[in-house]
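Notebook open, model loaded. I wanted to look up a few spots one by one and jot down what turned up.

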Amino acid sequence: MTGNRRIAIYPGSFDPLTLGHDDIVRRALKLADGVVIAVAERTTQAKDPACPLDRRVEIISEVYADEPSVEVVQFSGLLVDFARARGARLIVRGLRAVSDFEYEFQMALMNRSLWPEIEVIFMAPATNYTFLSSSLVREVASLGGDVSAFVPPIVLDHLVEYYGPRVAGR
Ligand code: PNS
């Protein structure tokens, strides 16, 4: 993904990727020629990952296997260094509610201090996904709740493997 193509980086933990994330990917594709889903090794808010990083990358790659404009990669180190190395000057983040704003705004301004050429845009997801988060999906799945309405089918298959058939409402 080089040359004059406008590439948007969509960074995050994606543990797991939800339909809210997918909604943002598809919206970002309206603004950019390609989207790089950048799965972070190091996250600002320390979290214990439920799913190993390389497995997350594999699962998300499978979700977008038929979508040539979407690439899935893992990265370590600073997001801005990754973006610069990829020749991308656009970072996309989803903003669900005012509660997201402070964390997102801080990160956006820090990223811009680190590399003034980067632009961060916030995108609002579809209304029905505004309550959705990976941490809630993880919690519901770990307690045996049905999360089939919240994640793509490929992610659901993985959650079934991990937590059992109840998470798919079976
Ligand atoms: O899905 P998350 O966990 O909210 O995503 C946070 C993420 C991965 C975008 C952020 O932690 C990040 O950019 N990590 C990479 C390391 C880095 O650049 N840290 C400084 C951010 S200002």
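Predicted model: local features only at pLDDT ≥ 70, side-chain atom pairs only at ≥ 80, totals over all residues.

I began with Arg166: what does Arg166 touch, not counting residues up to four places away in sequence? I found Leu143, Gly144, Gly145 and Asp146, taking contact as heavy atoms within 4.5 Å. Arg166 sits in the segment after α6. Helices here are DSSP runs of H or I with at least four residues, strands are runs of E with at least two, and both are numbered from the N terminus. Arg166 comes out as exposed, at 55% relative accessibility. My cut-offs: buried is under 20% relative accessible area, exposed is over 50%, and partly exposed is in between, with a 1.4 Å probe and protein chains only. I also checked the C-alpha distance from Arg166 to Ser142, and got 10.0 Å for two residues 24 apart along the chain.

Residues are numbered from 1 along each chain as its sequence is written, and side-chain values use heavy atoms, with hydrogens and water left out.

**Helix α6**

Next I went back to α6 itself, residues 153-163. Which residues of α6 are buried? I listed Val155, Leu156, His158, Leu159 and Val160. An α-helix has 3.6 residues a turn, so residues three or four places apart point the same way. The buried residues of α6 pack against α2 (53-63) and α5 (134-142).

Val155 is buried at a relative accessible area of 2%. Leaving aside neighbours within four places in sequence, Val155 is in contact with Pro16, Leu17, Ile59 and Val63.

With residues up to four places away not counted, His158 touches Cys51, Arg55 and Ile59.

At the end of the helix I noted that Gly164 follows α6 and has a positive phi, near 105°.

**The loop between β1 and α1**

Pro16 turned up in the contacts of Val155, and I followed it back to the loop between β1 (7-12) and α1 (19-28). What kind of peptide bond joins Asp15 and Pro16? I found a cis bond, with omega about 10°.

Phe14 is in this loop too, between β1 and α1. I flagged Phe14 for a positive phi of about 50°, although it is not a glycine. Phe14 is buried, with a relative accessible area of 3%.

From there I moved on to Asp23 in helix α1. Is Asp23 buried or exposed? Asp23 counts as buried, at 14% relative accessibility. Outside four places in sequence, Asp23 is in contact with Ala124, Pro125, Ala126 and Tyr129. Asp23 and Ala126 are 103 residues apart along the chain, yet their C-alpha atoms are separated by 7.0 Å.

**The ligand**

Then the ligand. How many residues surround the ligand? I have 17, and the closest are Ser13, Thr44, Lys47, Leu79 and Arg93; a residue gets in if one of its heavy atoms lies within 4 Å.

A polar side-chain atom of Ser13 is 2.5 Å from a ligand oxygen. For the side chain of Arg93, an N or O atom is 2.9 Å from an oxygen atom of the ligand. Tyr103 has a side-chain N or O atom 3.0 Å from a ligand oxygen. Taken alone the ligand exposes 540 Å², and the protein buries 88% of that; the areas are Shrake-Rupley values with a 1.4 Å probe.

Which elements give two or more residues to the shell around the ligand? I noted β1 and α4 (98-114), and α4 gives the most, with 4 residues.

Last entry: Glu104, which is found in helix α4. Glu104 counts as buried, at 5% relative accessibility. Leaving aside neighbours within four places in sequence, Glu104 is in contact with Arg93, Gly94, Leu95 and Phe122.

Terms used: Polar contact = N/O pair within 3.5 Å; in protein donor to acceptor, adjacent residues only side chain to side chain.
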